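Visitor: I am new to this structure and would like to learn how to read its features one at a time. Could you show it to me, and then take me through it slowly?

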Amino acid sequence: MTSIILVDDEPDIRDSVQRTLEQAGYQVRLANSGTEGIAEYRRAPADLMITDMIMPNGHGLDLIRELRADYPSLRILAISGGGNFGAQSYQTGAISTTAYLAAATAAGAKVALTKPFTREKLLAAVLEALR
């Protein structure tokens with residue numbers, strides 16, 4: 001069975017993506033941050049790492065760079081919605097989702113996917129990343 005480590009700090013996203021992947025037949029392990037994702041992969045490597053880009057306690061870009069340096073063949077799918085900026089915390093200079101995902105691809109993510117995404121787009125991205 002294909003194993004996936006899913007790294008996302010948002011419980012609703014994590015639960016939804018996990019459920020979708022498990023229904024499609026994948027084995028899924030979870031991490032809440034980039035730091036936890038790195039530790040989980042080092043503990044037990046997986047066939048694919050799916051990581052959010054914007055998280056406290058270790059961004060996805062840091063995760064990608066560190067793991068790709070040690071595991072060059074690791075397949076990574078980067079996901080991002082650009083962060084959850086409320087009206088009070090929005091900053092005009094904030095980095096766009098496109099920029100985060102472009103940085104992820106440049107750092108070694110094989111596939112990048114913008115949140116929100118459909119079940120079909122997620123599963124297609126996973127298949128592409130696993131090729």
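Visitor: Which residue forms a salt bridge with Glu10, and how far apart are the closest N and O atoms?

Guide: A salt bridge is read from the distance between a side-chain nitrogen of Lys or Arg and a carboxyl oxygen of Asp or Glu, which has to be within 4 Å. In this model, which is a predicted one, the partner of Glu10 is Lys115, and the closest N and O atoms are 3.7 Å apart. Glu10 belongs to the loop between strand 1 and helix 1, while Lys115 belongs to the loop between strand 5 and helix 5, so the pair ties together parts that are 105 residues apart in sequence. The structure holds seven salt bridges, and the pair of Glu10 and Lys115 is one of them.

Visitor: What kind of peptide bond joins Lys115 and Pro116?

Guide: Here the angle to read is omega, which is about -10° for the bond between Lys115 and Pro116, and this peptide bond is cis. Pro116 is found in the loop between strand 5 and helix 5.

Visitor: Which helix does helix 5 pack with, and at what angle?

Guide: For a pair of helices, one reads the angle and the distance between their axes. Helix 5, residues 119–130, packs with helix 1 at an angle of about 65°, and the two axes are 11 Å apart. Because angles of 65 to 115 degrees count as roughly perpendicular, helix 1 is roughly perpendicular to helix 5. On the side of helix 1 the contact is made by Val17, Thr20, Leu21 and Gln23, and on the side of helix 5 by Arg119, Leu122, Leu123 and Val126. The crossing in which helix 1 passes helix 5 is right-handed.

Visitor: How many bridges join strand 3 to strand 4?

Guide: Strand 3, residues 48–52, and strand 4, residues 76–80, run parallel and are joined by four bridges.

Visitor: How do helix 2 and helix 3 cross, and how close do their axes come?

Guide: The axes of helix 2, residues 34–43, and helix 3 come within 9 Å and cross at roughly 20°. Since angles under 35 degrees count as roughly parallel, helix 2 and helix 3 are therefore roughly parallel to each other. Their contact is made by Gly34, Gly37, Ile38, Tyr41 and Arg42 of helix 2, together with Asp62, Leu63, Glu66, Leu67 and Asp70 of helix 3. The residues of this contact divide into four nonpolar, two polar and four charged.

Visitor: At what angle do the axes of helix 3 and helix 4 cross?

Guide: They cross at roughly 5° and come within 9 Å, and helix 3 and helix 4 are therefore roughly parallel to each other. Helix 3 contributes Leu61, Ile64, Arg65 and Arg68 to the contact, and helix 4 contributes Ala103, Ala104 and Ala107. These residues divide into five nonpolar, no polar and two charged.

Visitor: Where is Asn57 placed?

Guide: Asn57 is in the loop between strand 3 and helix 3. The backbone angle to read here is phi, which is positive at about 60°, although Asn57 is not a glycine.

How values were computed:
Residues are numbered from 1 along each chain as its sequence is written. This is a predicted model: local features need pLDDT of at least 70, side-chain atom pairs count only at pLDDT 80 or more; totals for chains, interfaces and linings use all residues. Side-chain values use heavy atoms; hydrogens and water are left out. Two strands pair if DSSP finds at least two bridges between them. Helices (H or I, at least four residues) and strands (E, at least two) are DSSP runs, numbered from the N terminus. Axes are lines fitted to C-alpha atoms, for helices over the stretch in contact, and angles run from 0 to 180 degrees between N-to-C directions. Angles under 35 degrees count as roughly parallel, over 145 as roughly antiparallel, 65 to 115 as roughly perpendicular and the rest as oblique. A crossing is left-handed if the near helix is turned anticlockwise from the far one by less than a right angle, and right-handed if clockwise. Contact means heavy atoms within 4.5 Å. Ala, Val, Leu, Ile, Met, Phe, Trp, Tyr, Cys and Pro count as nonpolar, Asp, Glu, Lys and Arg as charged, and the others, Gly among them, as polar.
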